[in-house]
Amino acid sequence: MKNKSLIYVFVAIFIVGGVYFILGRQTSIAPTHQTQESASVTSAPAQPDSTDCTENPTPSQTEGPYYKSGSPLRNNIAEGISGEILIITGYIYDKNCNPISNAWLDFWQADSNGVYDNARYRLRGHQFADEKGMYRLETIVPAQYGSRPAHIHVKVMPPNGPILTSQIYFPNDPKNQTDSIFNQELIMTVEASENVMQAEFNFVLNQ
Ligand SMILES: [Fe+2]
């Protein structure tokens, strides 16, 4: 009888100990996991700092040879692709500087070796601006290629409006000065921090 009681006590201790062990592991793992996830999500401000609107419509530029229609719907076009992380945020305005809700944006770009994926949709994706006209793109910094400075291609289409096709550029790229397509009005505002380059660009549509 005594032996039986002792067995019950040992079993109880074993179960309680096991539960503590599992709970302890979960609480020690969970915060680390959350920190890693939130690091990628909160590494850029939730909203762009600048709500600047110039009332000058954003200039259009050539589409170039590498556009592919049918890109996936996603804000992050660089998942699993190595390179310097770049977060671009901004607003879509009409020519009176009223924000345009739910505009469609389609981005495509070269990778960190200056190469486009023309077979699949690597570094390509579309998204919709929110009801305040804000968009947010997560990607990597593209490299220059040929005579071209680093740039990101974009198409922006408001609901019931025509498509603006353009390209956006980085300040201080030496090839900006020699490129035949480059336009000063298409330079992003860029702020480089330790791990992430944060950029802003507001589009003004001619409507
Ligand atoms: Fe290009």
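This is a short tour of the structure, stop by stop, with something to select at each one.

**Before you start**

You are looking at a predicted model, in which local features need pLDDT of at least 70, side-chain atom pairs count only at pLDDT 80 or more, and totals for chains, interfaces and linings use all residues. When you type a selection, remember that residues are numbered from 1 along each chain as its sequence is written.

**Stop 1: the whole chain**

Show everything as a cartoon. The protein has one helix and nine strands. Helices (H or I, at least four residues) and strands (E, at least two) are DSSP runs, numbered from the N terminus. Starting at the N terminus, the order is α-β-β-β-β-β-β-β-β-β.

Now colour by pLDDT, the predictor's confidence in each residue, from 0 to 100. The protein averages 84, and 78% of the residues score at least 70. Select residues 9–42 next: here pLDDT stays under 50, and the model has zero contacts beyond four places in sequence for them. Two residues are in contact if their C-beta atoms, placed from the backbone, lie within 7 Å. Among contacts in the protein with a separation of 6 or more, 76% are between residues 24 or more positions apart.

**Stop 2**

Select 85–93, which is strand S1. Is S1 mostly covered or uncovered? It is mostly covered, with eight of its nine residues buried. A residue is buried if 20 or more other C-beta atoms lie within 10 Å of its own, exposed if 12 or fewer, and partly exposed in between, with C-beta atoms placed from the backbone. Across the protein's 207 residues, 29% count as buried.

Two strands pair if DSSP finds at least two bridges between them.

- Strand S4 (residues 134–140) pairs with S1 in the antiparallel sense over seven bridges; look for Tyr91 opposite Met134.
- S8 pairs with S1 in the parallel sense over five bridges; here Ile87 stands opposite Gln198.
- Strand S9 (residues 203–204) runs parallel to S1 and is joined to S1 by two bridges; Ile92 stands opposite Phe203.

**Stop 3: the S7–S8 hairpin**

Strand S7 (residues 189–192) and strand S8 (residues 196–200) run antiparallel and are joined by four bridges. Three residues make up the hairpin between S7 and S8.

**Stop 4**

Go to the loop between S1 and S2, where you will find both Cys97 and Ile100. Cys97 is not a glycine, yet has a positive phi of about 70°. Most residues other than glycine have a negative phi. Cys97 counts as partly exposed because there are 14 C-beta neighbours inside 10 Å.

Ile100 counts as buried, with 21 C-beta neighbours inside 10 Å. Which residues is Ile100 in contact with, leaving aside its neighbours within four places in sequence? They are Ile92, Tyr93, Asp94, Gly133, Pro158 and Leu205.

**Stop 5: the open sheet**

Show the four strands that form an open sheet in the order S3-S2-S5-S6, with antiparallel pairing. Strands S3 (124–128) and S6 (164–169) stand at the edges, and each has a single partner strand, so one side of each is left without a neighbour in the sheet. From one strand to the next the twist averages 25°, where axes are lines fitted to C-alpha atoms, for helices over the stretch in contact, and angles run from 0 to 180 degrees between N-to-C directions.

Within this sheet, strand S5 (residues 151–157) and S6 pair in the antiparallel sense over six bridges. Ile152 is opposite Ile168.

Next, find Trp108 in strand S2. Trp108 is buried, with 25 other C-beta atoms within 10 Å. Beyond its neighbours within four places in sequence, Trp108 has contacts that include Tyr66, Tyr67, Leu123 and His153.

**Stop 6: Asn172**

Finish in the loop between S6 and S7, where Asn172 has its place. Is Asn172 buried or exposed? Asn172 is exposed, with 8 other C-beta atoms within 10 Å. Its phi is near 65°, a positive value in a residue other than glycine.
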